[in-house]
Amino acid sequence: MEFFGMDFSCVFGSLSHGKFPEKDCLLPLISKLLGYCIVAASTTVKLPQIMKILKHQSVRGLSVISFELEVVGYTIALAYCVHKGLPFSAYGELAFLLVQAIILVAVIYYYSQPIGMKTWIRALLYCALAPTVLAGQINPVLFEALYASQHAIFLFSRIPQIWKNFSNKSTGELSFLTSLMNFGGAMVRVFTSIQENAPSSVLLGSALSIATNGTILSQIILYQKRDVKKEKKTE
């Protein structure tokens, strides 16, 4: 019995004989289920951040370059996974995250007026190159190099925001819920990548995501506690 690429026959067969399913039977199914859960959750992961900016009409404390690099990283990662023929459950969230990340950058641009010429050039350059990358119409060797570089891109997309948080001793308009979902999703993705026999480069990307998103999440918790204590002292 298969449903969305998930084979339930092994599990149901074991249960029908009064036995608990073996590890080799159960783990692949759990991996698939978790993978689809990540894909489902990814449809809303950026919405708390977008809504927080719209509510306060402010991008205080947000690093624009961090969110721009995130869009580039999602684009490369999605294109690579698609053209490697990985199961949708192993990368599907990237499609939803990319769309939301683009919307998020557009919102940040809107509340960062006036936008400088360099920002416009970066945006136009992305619009010109992204369709070619997503279509996979580039040299295979270059494709591998791009995917290898996307780990560095994701890493450097977090560093400006981490440094800005540290310098300001505040996380500004960063959304706790979005950061929490990014962190949790990365942890689950490590497990699913191992079960799906994804390339080691995919696993490395998830591990880096755990480290960087975990740092930002810790900063939000730490600095928001400080802000609450300051507010109580001034009352």
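Axes are lines fitted to C-alpha atoms, for helices over the stretch in contact, and angles run from 0 to 180 degrees between N-to-C directions. Helices (H or I, at least four residues) are DSSP runs, numbered from the N terminus. The structure is a predicted model, in which local features need pLDDT of at least 70 and side-chain atom pairs count only at pLDDT 80 or more, while totals for chains, interfaces and linings use all residues. Residues are numbered from 1 along each chain as its sequence is written, and side-chain values use heavy atoms, with hydrogens and water left out.

**Helix packing**

| Helix pair | Axes come within | Crossing angle |
|---|---|---|
| helix 3 (residues 47–56) and helix 5 (residues 93–110) | 10 Å | roughly 15° |
| helix 4 and helix 6 (residues 117–134) | 10 Å | roughly 5° |
| helix 4 and helix 7 | 8 Å | roughly 155° |

Helix 3 and helix 5 cross at roughly 15°, which makes helix 3 roughly parallel to helix 5 (angles under 35 degrees count as roughly parallel, over 145 as roughly antiparallel). Their crossing is left-handed, a term used if the near helix is turned anticlockwise from the far one by less than a right angle. In this contact (heavy atoms within 4.5 Å), Leu47, Gln49, Ile50, Ile53 and Leu54 of helix 3 meet Gln100, Ile103, Leu104, Val107 and Ile108 of helix 5. By class, the contact of helix 3 with helix 5 has eight nonpolar, two polar and no charged residues; Ala, Val, Leu, Ile, Met, Phe, Trp, Tyr, Cys and Pro count as nonpolar, Asp, Glu, Lys and Arg as charged, and the others, Gly among them, as polar.

Helix 4 and helix 6 cross at roughly 5°, so helix 4 is roughly parallel to helix 6. The contact of helix 4 with helix 6 comprises ten nonpolar, three polar and two charged residues.

With helix 7, helix 4 crosses at roughly 155°, and therefore helix 4 is roughly antiparallel to helix 7. This crossing of helix 4 and helix 7 is left-handed. The residues in contact divide into 16 nonpolar, six polar and three charged.

On a 1 Å grid over the protein atoms alone, a cavity is a set of points where a 1.4 Å probe fits but cannot get out, and lining residues have an atom within 4 Å of a point. Grid points are joined across faces, edges and corners, and a volume is the space filled by probe spheres set on the points. The count comes to one cavity of 30 Å³ or more, and the largest cavity holds about 180 Å³ of space. Its lining has 15 residues, of which Phe67, Glu70, Arg158, Leu174 and Asn182 lie nearest the centre. Helix 4 (64–83), helix 7 (140–168), helix 8 (176–195) and helix 9 (200–234) each give two or more residues to this lining. By class, the lining has four nonpolar, eight polar and three charged residues.

**Backbone features**

Most residues other than glycine have a negative phi, and most peptide bonds are trans. Gln57, which is not a glycine, has a positive phi of about 50° and is placed in the loop between helix 3 and helix 4. A cis peptide bond, with omega of about -5°, joins Gln113 and Pro114; Pro114 is found in the loop between helix 5 and helix 6.

Conventions
Parallel < 35°, antiparallel > 145°, perpendicular 65-115°, else oblique. 1 Å grid on protein atoms, 1.4 Å probe; cavity = no way out; pocket = protein on both sides within 12 Å on 5 of 7 lines; lining within 4 Å.
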